[in-house]
Amino acid sequence: VFRTVKDKAGLKINPWDGFPLRADDSHTRRELTIEELARLVDMASRESAEFRTLFGIAMYTGLRLGDCCKLTWAEVDIVRSIIQKVPEKTKKYRKGRPVTIPIHKVLSDLLMQTPIEKRTGYVLPTIGEWAALGQRGMARIHHRIGKIFHNAGIVTSVAVEGRKWKAPEASFHSLRHTFVSMSANAGVPLHIVQAIVGHESTAMTRHYYHENVAALQRAVAAIPSISATGDVTEGRVAQPDRARFGYNGYRAPGL
């Protein structure tokens, strides 16, 4: 608050200096495993083609729910294989600067299922119209998404010590966390991930980045070994640990 008002108010001294900070009891949404993503894709496909595409947009772009629902064909460039959209959350203070997101092959295949002559208005016509209704329409979308998570067997909230109500554990927003984590763990530089998801700083991107233990282990294993006699052995570059993502042979088509 002080940093925001100090210049306009002409403040020289921070009146909050010395006040103890409140203990951090934040409980952030976790990333989802590959197996969980596969189950969600399966359940979303059973719900409807639009909800399958809705989850595909979130999984492969990292866009927030509202932006996924209101994505328009004017923001999708199939020829250049990019999506350019101004996120609703940052529209005010970023002066309408869009994020540019490369279109993943799976998402491209989903989008291409819409005939060229129908590529106008919302990418998801029904869901987009619901979202345009405001709170009432979004409540309908949240209900359907909750049903998909429930049918996929994913726990969405957990009890947290010291809190009266359960805290969100997994939700549609977890797909954004998962997109950031998987991109970073795949070796994409954080500043690139930052640009794609529209974060103002890499610090915010790190907040969404859940370190993959297997990736950290591979990074350490890649360091050359130097023995007491000075012998050097090249580091071992291991293959990605698919078990880390819960791979157990289950995979929904088109994941």
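Q: Hi! Which residue in strand 3 does Ile83 stand opposite?
A: Ile83 stands opposite Ile101 in strand 3. One note before we go on: this is a predicted model, where local features need pLDDT of at least 70, side-chain atom pairs count only at pLDDT 80 or more, and totals for chains, interfaces and linings use all residues. Residues are numbered from 1 along each chain as its sequence is written, and side-chain values use heavy atoms, with hydrogens and water left out.

Q: Thanks! What stands opposite Ile82?
A: That is Pro102, also a residue of strand 3. Strands here are DSSP runs of E with at least two residues, helices are runs of H or I with at least four residues, and both are numbered from the N terminus.

Q: How many bridges join strand 2 to strand 3?
A: Four, and the two strands run antiparallel. Two strands pair if DSSP finds at least two bridges between them.

Q: What order do the strands have in that sheet?
A: The order is 1-2-3, in an open sheet of three strands with antiparallel pairing. Strand 1 and strand 3 stand at the edges with a single partner strand each, so one side of each is left without a neighbour in the sheet.

Q: Which residues of strand 3 are on its covered face, and which on the uncovered one?
A: Val99 and Ile101 are on the covered face, while Thr100 and Pro102 are on the uncovered one.

Q: Switching to helices: which residues of helix 5 are buried?
A: Helix 5 (residues 105–112) has Val106, Leu107, Leu110 and Leu111 as its buried residues. Buried means under 20% relative accessible area, exposed means over 50%, and partly exposed is in between, using a 1.4 Å probe and protein chains only.

Q: Helix 3, okay. What does Thr53 touch?
A: Thr53 lies in helix 3 and touches Leu110 and Leu124, leaving aside residues up to four places away in sequence. Contact means heavy atoms within 4.5 Å. At 9% relative accessibility, Thr53 counts as buried.

Q: How many aromatic pairs are there?
A: Two. Rings of Phe, Tyr and Trp (its six-membered ring) pair if their centres lie within 6.5 Å; planes under 30 degrees apart count as stacked, over 60 as edge-to-face and the rest as tilted. Phe55 and Phe149 make a tilted pair, 6.2 Å centre to centre with 45° between the planes. Phe55 lies in helix 3 and Phe149 in helix 7 (residues 135–151), so the pair ties together parts that are 94 residues apart in sequence.

Q: Why is the pair of Phe55 and Phe172 called edge-to-face?
A: Because the planes of Phe55 and Phe172 are at 75°, with the ring centres 5.3 Å apart. Phe172 is in the loop between strand 5 and helix 8, 117 residues from Phe55. Phe55, Phe149 and Phe172 form one aromatic cluster.
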